[in-house]
Structure formats: C-alpha cells, structure tokens
Amino acid sequence: PKQKDLKIAEAVVELFRNSDRLEFFNKKALYLYIREISSCKTQQITKVINRMKEYHEKMTRQYLSRGVVES
C-alpha cells in the first residue's frame, strides 16, 4: 500500500485499540481524529476505510463458511 494509505490504516487500528478510552463515537469526530493522526484528506480516508471494510467482510464470510480465515 501507499504510505498515506498505511498511515490511515494505522490510525484506524489505533482507534480500535483505544476505543475504551474514547469519549466520542460519531462519524465526524472519528474522521477528524483520523485526519489529525494521518494528515490525509477525508476522501482518502474514506477510500481506505471502504477497502478495509471489504477485507473485513471477506474474512467474516470465510470464517462463517469454513471456520477458519485463510490469508
């Protein structure tokens, strides 16, 4: 992945790691937080998040149908 995409993905993972400490969960605030961490535009963030979502859905389908997730 591109360096910007990697920064965005790392910011999203960091949000999940710290989700118990976050006081906000609305979409606008989360995007702002990711934008601050990654220094990327909202359009780029949306693109990366959509790709991450597709990958997550694929892994979920694999797990539900086969009981394991293949890489």
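Which residue just after α3 takes a positive phi? In this predicted model, that residue is Gly67, with a phi of about 85°.

The overall architecture may be set out before the details. The protein chain contains 3 helices and 0 strands, and from the N terminus on its elements follow the order α-α-α. Along the principal axes, the C-alpha atoms fill a box of roughly 40 × 30 × 15 Å. Of the 71 residues in the protein chain, 20% count as buried. Where contacts join residues at least 6 apart in sequence, 39% of them link residues at least 24 apart.

Helix α3 itself has 25 residues and covers residues 42–66. From its first C-alpha to its last, α3 reaches 36 Å, close to the 36 Å expected at 1.5 Å a residue. Three residues of α3, namely Ile45, Val48 and Gln62, are buried. The cover over the buried residues of α3 includes α1 and α2, the latter comprising residues 27–38.

The packing of α3 against α1 can be described in more detail. Two packed helices are characterised by the angle between their axes and by the distance separating those axes. Helix α1 (residues 3–17) packs with α3 at an angle of about 65°, and the two axes are 10 Å apart. Because angles of 65 to 115 degrees count as roughly perpendicular, α1 and α3 are roughly perpendicular to each other. Their crossing is right-handed. On the α1 side, the contact is made by Asp5, Ile8, Ala9 and Val12, while α3 contributes Gln44, Ile45, Val48, Ile49, Arg51 and Met52. By class, this contact of α1 with α3 has 7 nonpolar, 1 polar and 2 charged residues.

Lys4 lies in helix α1, and it is 44 residues from Val48 in sequence, yet the C-alpha atoms of Lys4 and Val48 are 9.4 Å apart in space. Is Lys4 buried or exposed? Its relative accessibility is 52%, so Lys4 counts as exposed, the cut-off for that class being over 50%.

Note on methods. Residues numbered from 1 in each chain as written. Predicted model: local features only at pLDDT ≥ 70, side-chain atom pairs only at ≥ 80, totals over all residues. Heavy atoms only, no water. Axes fitted to C-alpha atoms, helices over the stretch in contact; angles between N-to-C directions. Helix = DSSP H or I, 4+ residues; strand = E, 2+ residues; numbered from the N terminus. Parallel < 35°, antiparallel > 145°, perpendicular 65-115°, else oblique. Left-handed = near helix turned anticlockwise from the far one by under 90°. Contact = heavy atoms within 4.5 Å. Nonpolar A, V, L, I, M, F, W, Y, C, P; charged D, E, K, R; others polar. Expected span 1.5 Å × (residues − 1). Buried < 20%, exposed > 50% of the residue type's maximum accessible area, 1.4 Å probe, protein only.
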